[in-house]
Structures are given as C-alpha cells and as structure tokens.
Amino acid sequence: MKTLVIVAHPDLKQSRVNLHWKQALEQRTDFKVKNLAELYPDYQFDVAREQADLIECERLILQFPLFWYSSPAILKKWIDDVFTPGFAYARGGDKLMGKELMLSISVGAPEDGYRAFGFNNFTLDELLRPFQQTANYVKARLVAPFIFYQSVFASQEEIEQSVEAMLAHVTNECEPPSIVYEKLLLAAEEMQVALIS
Ligand SMILES: Cc1cc2nc3c(=O)[nH]c(=O)nc-3n(C[C@H](O)[C@H](O)[C@H](O)COP(=O)(O)O)c2cc1C
C-alpha cells in the first residue's frame, strides 16, 4: 500500500515524540513522509504538488501533536488549502474517494482525563469529530487512529516503545468501515448530491 505521511508539527526541533516517529517512518521505503513545517516554513503550500502526492497515495496518515484539542494550525491550513472543490469535493471532486485516512496523534495529557466529567471532559474520539466528518465529506475511509497519551511525561523508553506501537499500527491492514460508518458515508453522499444539484 502506498502511504503518505503528513507530519504536522510546527517545530520538530522541540519535539520528543513526533520527531522519533518521523525518523522511524523515513526508514521505510513504502512510506512517503513530508514534514510540512520544513517544506513550507511560511505555510504557503504548493497546492498542485500536495494534491499530486495525495492522488498517488492509497493511505493518508496525518501525524501531529494534539494542540488545544485539535491539530496544530499548519495542518488546519494545509487541509483548508489543499482539499479544494473539484479536487476533494463538489463537482469532479472525487480524488480522495476510497483512500484510507488515519490520524496518528501524540496527546500530552493522560488518557483517563479524556472522558465525561474527567479533566478534559470529552473523549478524544469526540474531540476528533471535525477530522471524522472531513473524511466522510471527501469520501475517504477513516480507519482507527493511533493515539499516544501522556506524551509530555513519557520517558525515553516509553517513547521508543511508542515508535514500535506506532509502526505496528500504521502498517496494519485496517478493519473495514462499520455499518454505522457506511451509513454516514451514504448520508454524506446524499448531502453532496443535494449541494451539487
Ligand atoms: C500549543 C500547545 C497546545 C497543547 N494542547 C494540548 C491539548 O489540548 N491536550 C493535550 O493533552 N496536550 C496538549 N499539548 C501537549 C502536546 O500534545 C505535547 O506536547 C505533544 O504531544 C508532544 O509531542 P512532541 O514531543 O512531538 O512535541 C499542547 C502543547 C502545546 C505546545
């Protein structure tokens, strides 16, 4: 499977986790790894180049540290700029259809705070709704994310273990979408038809 990894960390020089993950992924010949902040320090993306790489891939992995319960701004802008009408949605916008989309996220806080009435009130699954619906909207197949909690407290040994776990996850065949997910896809399709017509 041709896999494209978009690493969206604003400053990998300050990173402990995402830098290790990126370096491990770069060892693999079947992965294309792009560090957005290095390629585009001014956040002005080469949209045609990015879209060409997306067309090439079968699985897209968005790798980032959780910042304010979402992705760093560079990834938000990359999606805003690259997922254009006619490419990702609207008339002719079927270029991401059927591709797998996976999130690979380092989360600073512990997992037990991410729940109702916990320190962070919501599960990560709930907080990631915009990514889930973006995948639905462009008809990509969202697959299970890789999440590494407690990243800010992780020892060097735990970070090394996270590299192994991350590699095992991102190289795995993923389960087919659930019935619920297929229903969501259908609803998204109907909505797009309604928008186009
Ligand atoms: C601006 C900023 C916002 C952050 N927001 C969150 C957050 O909302 N939830 C959380 O658990 N950790 C948060 N963190 C911690 C990061 O997720 C953590 O530093 C990162 O996963 C570590 O990865 P790295 O070593 O690759 O930088 C935040 C960190 C920064 C710098």
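The structure holds 13 salt bridges, a salt bridge being a side-chain nitrogen of Lys or Arg within 4 Å of a carboxyl oxygen of Asp or Glu. The model is predicted: local features need pLDDT of at least 70, side-chain atom pairs count only at pLDDT 80 or more, and totals for chains, interfaces and linings use all residues. Residues are numbered from 1 along each chain as its sequence is written, and side-chain values use heavy atoms, with hydrogens and water left out.

One of the salt bridges pairs Glu100 with Arg59. Their closest N and O atoms lie 2.7 Å apart. This pair links distant parts of the chain. Helices (H or I, at least four residues) and strands (E, at least two) are DSSP runs, numbered from the N terminus. Glu100 is buried, with a relative accessible area of 7%. Arg59 is buried as well, at 2%. Here buried means under 20% relative accessible area, exposed over 50%, and partly exposed in between (1.4 Å probe, protein chains only).

A second salt bridge joins Glu26 to Lys22, with 3.0 Å between the closest N and O atoms. Both residues sit in helix α1 (residues 17-26). They are four residues apart, so about one helical turn separates them. Glu26 is partly exposed at 40% relative accessibility. Lys22, in contrast, is buried at 11%.

Asp125 forms a salt bridge with Arg129. The closest N and O atoms are 3.2 Å apart. Asp125 is partly exposed, with 46% relative accessibility. Arg129 is also partly exposed, at 42%. Elsewhere, salt bridges that share partners connect Lys32, Lys34, Arg49, Glu50 and Asp53 in one network.

The surface also carries a patch of negative charge, formed by Glu157, Glu158, Glu160 and Glu164. Patches are made of residues with over 30% relative accessible area and no salt bridge; like charges are joined within 9 Å, nonpolar side chains (Val, Leu, Ile, Met, Phe, Trp, Tyr) within 5 Å. Lys and Arg count as positive, Asp and Glu as negative, and His and the chain ends are not counted. A charge is placed at NZ of Lys, CZ of Arg, CG of Asp or CD of Glu. Accessible areas come from the Shrake-Rupley method with a 1.4 Å probe; for residues, only the protein chains shown count as cover. Glu158 is partly exposed, with a relative accessible area of 38%.
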